[in-house]
Amino acid sequence: MTFVIVGGGATGIEMAGAIAEMARQTLRGDFRRIDTCQSRIILLEAGPRILPGFPEKLSRYAKESLMRMGVEVRTSARVMGCDDRGVVTAEGRINAAIVIWAAGVTASPASRWLGAPQDSNGRIIVNPDLSVPGFANVFAIGDTASVKDSTGAQIPGMAPAAKQMGRYVGGLIARDAMGMPNPAPFKYRHFGELATAGRRSAIVKLGAVELTGLAGWLFWSVAHIYFLIGVRNRFIVAFTWLWNYLTYERGARLIGLEGEDVKLPRA
């Protein structure tokens with residue numbers, strides 16, 4: 001009945017909000033002997049506030065939204081250890097049956113394979129054209145690469161950045177094959193940030209535009225549907241989300257019996 005989510009970025013707050021909604025709404029009538037509304041959901045963030053990449057006003061709004069849903073938000077709470085009984089922080093142990101890691105991942109060992117320079121997270125520190133130092137024809141992109149923009153800020157390890165890197169390197173290789181000069185160094189275009197903090201609550205930062213609450217949530221939903229591939233997929237997801245919103249239902253519920261094998265259908 002206790003869930004600990006480690007990491008107060010967009011992944012962490014979306015996971016915390018989803019668990020809170022399921023516990024308080026979706027599953028509250030599904031069990032005979034337990035009250036899912038009594039679930040304890042704890043979000044741990046090592047930094048001074050959640051969503052450090054967003055303006056402080058939006059970060060504060062997201063925290064207040066989660067707390068209204070019953071989520072315990074703890075900042076400046078660095079996790080020192082994790083085991084099958086919970087987590088250990090600088091303030092003590094938190095016993096929990098479920099621990100969800102949302103604080104990022106370690107890069108692949110590509111830097112060790114190549115003997116290339118790496119940052120503190122194991123990512124290869126690449127050249128301005130995303131090539132690996134010492135290897136003119138080897139490139140690193142996405143989570144494997146450590147890239148900084150013109151201001152010296154680290155480019156986030158998100159899908160939009162990886163897609164832009166992929167397009168850049170693909171174009172660079174094509175130009176080289178045709179004997180054309182290399183393009184200018186890679187430049188990341190940041191289109192904005194979005195995060196949802198539960199039902200009818202989201203935050204959006206697009207340049208000077210900032211949205212919160214229902215307006216932010218609607219924008220977040222439309223943006224995610226828009227980037228799906230194919231009209232059919234967009235329609236199915238939009239209809240499913242609308243149904244879930246109106247009924248508080250969730251599509252799949254799997255219950256495994258102790259000591260018995262549960263066979264799942266193939267995807």
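## Surface and overall build

The accessible surface of the chain comes to about 16,900 Å², and carbon and sulfur atoms hold 58% of that area. The model is a predicted one. Of the 267 residues of the chain, 33% count as buried. Along the principal axes, the C-alpha atoms fill a box of roughly 70 × 45 × 45 Å.

The chain has six helices and 14 strands. Contacts between residues 24 or more positions apart make up 52% of the chain's contacts with a separation of 6 or more.

## Salt bridges around Glu210

The structure holds six salt bridges. One of them joins Glu210 to Lys57, with the closest N and O atoms 3.3 Å apart. What are the exposure classes at the two ends? Glu210 is partly exposed, with a relative accessible area of 29%. Lys57 counts as exposed, at 51% relative accessibility.

Glu210 also forms a salt bridge with Lys205. Here too the closest N and O atoms are 3.3 Å apart. Lys205 is partly exposed, with a relative accessible area of 22%.

## Other salt bridges

Arg123 and Asp119 meet through their side chains in a salt bridge, at 2.9 Å from N to O. Is this pair buried or exposed? Arg123 is buried, because its relative accessible area is 17% and the cut-off for buried is under 20%. Asp119 is also buried, with a relative accessible area of 17%.

A network of salt bridges links Arg40, Glu72 and Arg74.

Helix 4 spans residues 159–177 and includes Gln164. Gln164 is buried, with a relative accessible area of 9%. Which residues does Gln164 touch beyond its neighbours within four places in sequence? The contacts are Phe186, Lys187, Tyr188, Arg189 and Phe191. With Arg189 there is a polar approach: a polar atom of the Gln164 side chain lies 2.8 Å from the backbone oxygen of Arg189.

In one of them, the ring centres of Tyr168 and Phe186 are 5.6 Å apart and the planes stand at 70 degrees, so the pair is edge-to-face. Tyr168 is buried, at a relative accessible area of 13%. Phe186 is buried as well, at 12%.

Two contributions thus involve Phe186: a contact with Gln164 and the ring pair with Tyr168.

## An exposed aromatic pair

Tyr226 and Phe227 form another edge-to-face pair. Their rings are 5.2 Å apart centre to centre, with 80 degrees between the planes. Are these residues buried or exposed? Tyr226 is exposed, with a relative accessible area of 53%. Phe227 is exposed too, with 63%. The setting contrasts with that of Tyr168, which is buried, and of Phe186, which is buried.

Ile236 is found in helix 6, which runs over residues 231–247. How exposed is Ile236? At 38% relative accessibility, Ile236 counts as partly exposed.

Methods. Residues are numbered from 1 along each chain as its sequence is written. Side-chain values use heavy atoms; hydrogens and water are left out. Helices (H or I, at least four residues) and strands (E, at least two) are DSSP runs, numbered from the N terminus. Buried means under 20% relative accessible area, exposed over 50%, partly exposed in between (1.4 Å probe, protein chains only). A polar contact is a pair of N or O atoms within 3.5 Å; within protein, one must be able to donate a hydrogen and the other to accept it, and residues adjacent in sequence count only if both atoms are side-chain atoms. Contact means heavy atoms within 4.5 Å. Rings of Phe, Tyr and Trp (its six-membered ring) pair if their centres lie within 6.5 Å; planes under 30 degrees apart count as stacked, over 60 as edge-to-face and the rest as tilted. Accessible areas come from the Shrake-Rupley method with a 1.4 Å probe; for residues, only the protein chains shown count as cover. A salt bridge is a side-chain nitrogen of Lys or Arg within 4 Å of a carboxyl oxygen of Asp or Glu.
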